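Thanks, everyone. I'll keep this short. Please look at the model on the screen.

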Amino acid sequence: MSAVIADTTKHAKSYLTDGTTIRSWLLTTDHKRIALLYLGSITLFFFIGGIAAALIRYNLIAPRGMIGSAETYNRLFTMHGVVMVWFFLIPAVPVTLGNFLAPLMLGARDLAFPKLNLISWYLYILAGAAALYSLIAGGVDTGWTFYTPLTTAYSKGHVVATIVAIFIAGFSSIATGLNFIISIHTLRAPGMTWYKMPVFLWSLYATSVILVLATPVLGMTLLLLAFERIFHIGVFDPAIGGDPLLFQHLFWFYSHPAVYVMILPGFGVISEIVPAFSNKGLFGYKFVVWSSISIAVISFLVWGHHMFVAGTSLYSALVFSILSFMVAVPSAIKVFNWIGTMHGGSVRFDAPMLYALGFIGLFTLGGLTGLFVAALAADVHLTQTYFVVAHFHYVMVGGMVSAYFAGLHFWWPKITGRIYPEIWGRVGAVIIFFGFNLNFFPQFLLGYYGMPRR
Amino acid sequence: MSFWLPHATTQAAEVDYLIFAVVAGSCAILGLVYGSIILYAIRYRAGSKVARYGASEKSWGIEVAWTSVTLLVFFGLFIWGADLYVRLFQPPPDALKVYVVAKQWMWKIEHHGGQREINALHVPVGQPIQLLMTSEDVIHDFSVPAFRIKHDVLPGRYETLWFQVETAGVYRLFCTQFCGADHAQMTGEVVAMAPPEYEQWLEQNGTSGSMAKQGGILFMRYGCSGCHGGNGIGGAQATSAVQAPPLTGLYGGPVPLEDGSIVTADESYIRDCILLPEKRRVAGYPPIMPSFAGQVSEEDVLKLVAYIKSLAPEAPP
Ligand SMILES: [Cu+2]
Ligand SMILES: [Cu+2]
């Protein structure tokens, strides 16, 4: 199958019309079609996670809850977390925009391994099916963090099915990550040196490195979790000789880098859009690029900041605190550079730019509130409260989802050959920015007053 | 509830200063970021008549400048937060010890004098209190927002937390680590009272003797005395048939272990000796002490620990 790179409107056939049978879609190895398959499936999960979120908020209307038991509520927020993290946030930008654009930006016909690309989608679907099964069968009540020994010895939910789902999704991530790394190394057009690459590719690269290095740790951790739950092999449960903190170390060793998997591609999108709508090159290209790489590296060294009150040693807390401040520096550099890009440009405010500005606004707030929880003594008071909920939703939803929508709007004409109604695009961007703040800003205060999360 | 969260402990205000300093700094940066976005959006909007810069703008100087300023500010914050954190978690040696056993979904408190309470903790004001906490099942977290402190409560080990309440009053206690179905209901209160009232409360709730005394009874009942001798004076004497180390004067002292290391006999050590003896064998004794895991509840372990702590060194003959 030939990948059509040129303008779709001028050709009778495009990747969209070239074969319309279901078979031609399900067996395609074309990166553009796979991007669309992914787009459809992650949108489905975005809605499932979104419905869970809406039900969580609905239940919180009354102090005693609106939807029955505490058990149901716990299952809801667990499902919300699991679905949003592994089935939306982590894959979102790389598998859709990344898949579609990476070969185009590289000047290649396709990714290095088109079949692996398709396999990764099937793995995602398989994982999604397992997640849906566990949801329909009754869900899990452990929280998306699966802390032990609650998960291994006390939970009554469908833990194993959920673990299987995440385990498989992990392999899908690894396949995607490998594909990008190898494509970027080998398929760059002649003359495209590393420093001539679009920033979006750099951020995909940094993301993929994390995916490939961190996801196996998650896989092993989940296997151990399953072993302990099924065969009662003592790994994490102190009652059978395990160590409950070991789980947290392993889990966050993956999950902290994973938050950068979620946000780095977003940085890439914004770094493309802000220059485009400022009519000016990106300010400080090399700084933006190297800030992505340093985030990828340092993000592996900060997992302990999730455990400042968990019972680790004082010294380790000191080390993880300073490293957490360090990992915030490159993000700050990016924000300054985006603003620097606007300076002296010729700025237009189409929907993608509005989303991008919304991203900068919300991400900055999310990042700044990260400083509160990196500063040790402040973290003691704020951690495990709604403050943390607000903080990571500012980064993940305010930041990442805004960036994803910015990218979807920006490249929508390229993907579909059609243009969206500009005015509605802008209205959407503005509503999301203000609605988001309305929803999540009060949670910072709730957290400060001590309201526990969950 | 007043708008401000009360500062009930010595360090609560200090934590707030840190938080408010970061708030102030964040507001400044937010102002800078939002301000310059709005400014540039207006000034450099397409079609406005201003000088534009090409892509050739020099960036190194300014990049280095804002990177180093950011680094410097972050380093300052780190020092501030770290210094206070270390103080938040280092109990003064003279702290009054109170024992906390968490379980799904309640807090069980035990006082030195044997007083017990559930989902409530009575403490005197003006005196450092140190909690020795453990869990019977999953991980919980002891959190009192008015004190600005919290710490996870883990099964299988002792974690500690300390505070000194300055203002008498009733303060909400939360579990802030998700621990299962009724986690949200796992709340309680800390009642801080003036010392005379506290003494009175202790008296009114006085029960069958102090924790140490109750521990002494358990020491007999669980058969510890069979090996360690009555009053824990040691085995292999007239008192017992086997060789077991004396427990008198054990607490706080160094213990040489079989693997050559030397540990300090604190609460956690004694706990491990009872529940996980195979983990820590004392040098020079046969490894015959059985594990009491599953037979002795966490609360009874605490009483045994209290009893062993109370055993003074043998007076020289
Ligand atoms: Cu983290
Ligand atoms: Cu709890």
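How are the donor residues of the copper ion (ligand 1) spaced in sequence? The pattern is H-x48-H-H. Keep in mind that this is a predicted model.

A:His256 coordinates the copper ion through ND1. A:His305 and A:His306 each use NE2. The distances run from 1.6 to 2.0 Å.

Now, two of these histidines and their surroundings. Buried or exposed, where does A:His305 fall? A:His305 has 15% relative accessibility, and the cut-off for buried is under 20%, so A:His305 counts as buried. A:His306 sits at 25%, so A:His306 counts as partly exposed.

Next, the interface. On chain B, 77 residues are in contact with 77 residues of chain A. The two chains bury about 6500 Å² between them. Carbon and sulfur atoms give 72% of that area.

What about polar links? There are 17 residue pairs in polar contact between chain B and chain A, counting residues at pLDDT 80 or more. Which elements of chain B touch chain A? Helix 1, helix 2, strand 7 and strand 9 each supply at least two residues. Helix 2 gives the largest share, 17 residues. By class, that side of chain B has 45 nonpolar, 17 polar and 15 charged residues.

Last, salt bridges. The rule finds one across this interface. A:Asp243 pairs with B:Arg157, with the closest N and O atoms 3.5 Å apart.

Key: Residues are numbered from 1 along each chain as its sequence is written. Chains are lettered from A and ligands numbered from 1 in the order in which they are written. This is a predicted model: local features need pLDDT of at least 70, side-chain atom pairs count only at pLDDT 80 or more; totals for chains, interfaces and linings use all residues. Side-chain values use heavy atoms; hydrogens and water are left out. Contact means heavy atoms within 4.5 Å. Buried area is the accessible area (1.4 Å probe) that two parts lose on being put together, summed over both. A salt bridge is a side-chain nitrogen of Lys or Arg within 4 Å of a carboxyl oxygen of Asp or Glu. A polar contact is a pair of N or O atoms within 3.5 Å; within protein, one must be able to donate a hydrogen and the other to accept it, and residues adjacent in sequence count only if both atoms are side-chain atoms. Helices (H or I, at least four residues) and strands (E, at least two) are DSSP runs, numbered from the N terminus. Ala, Val, Leu, Ile, Met, Phe, Trp, Tyr, Cys and Pro count as nonpolar, Asp, Glu, Lys and Arg as charged, and the others, Gly among them, as polar. Donors are N, O and S atoms within 2.8 Å of the metal (3.2 Å for Na, K and Ca); water is not among the atoms, so sites may look incomplete. Buried means under 20% relative accessible area, exposed over 50%, partly exposed in between (1.4 Å probe, protein chains only).
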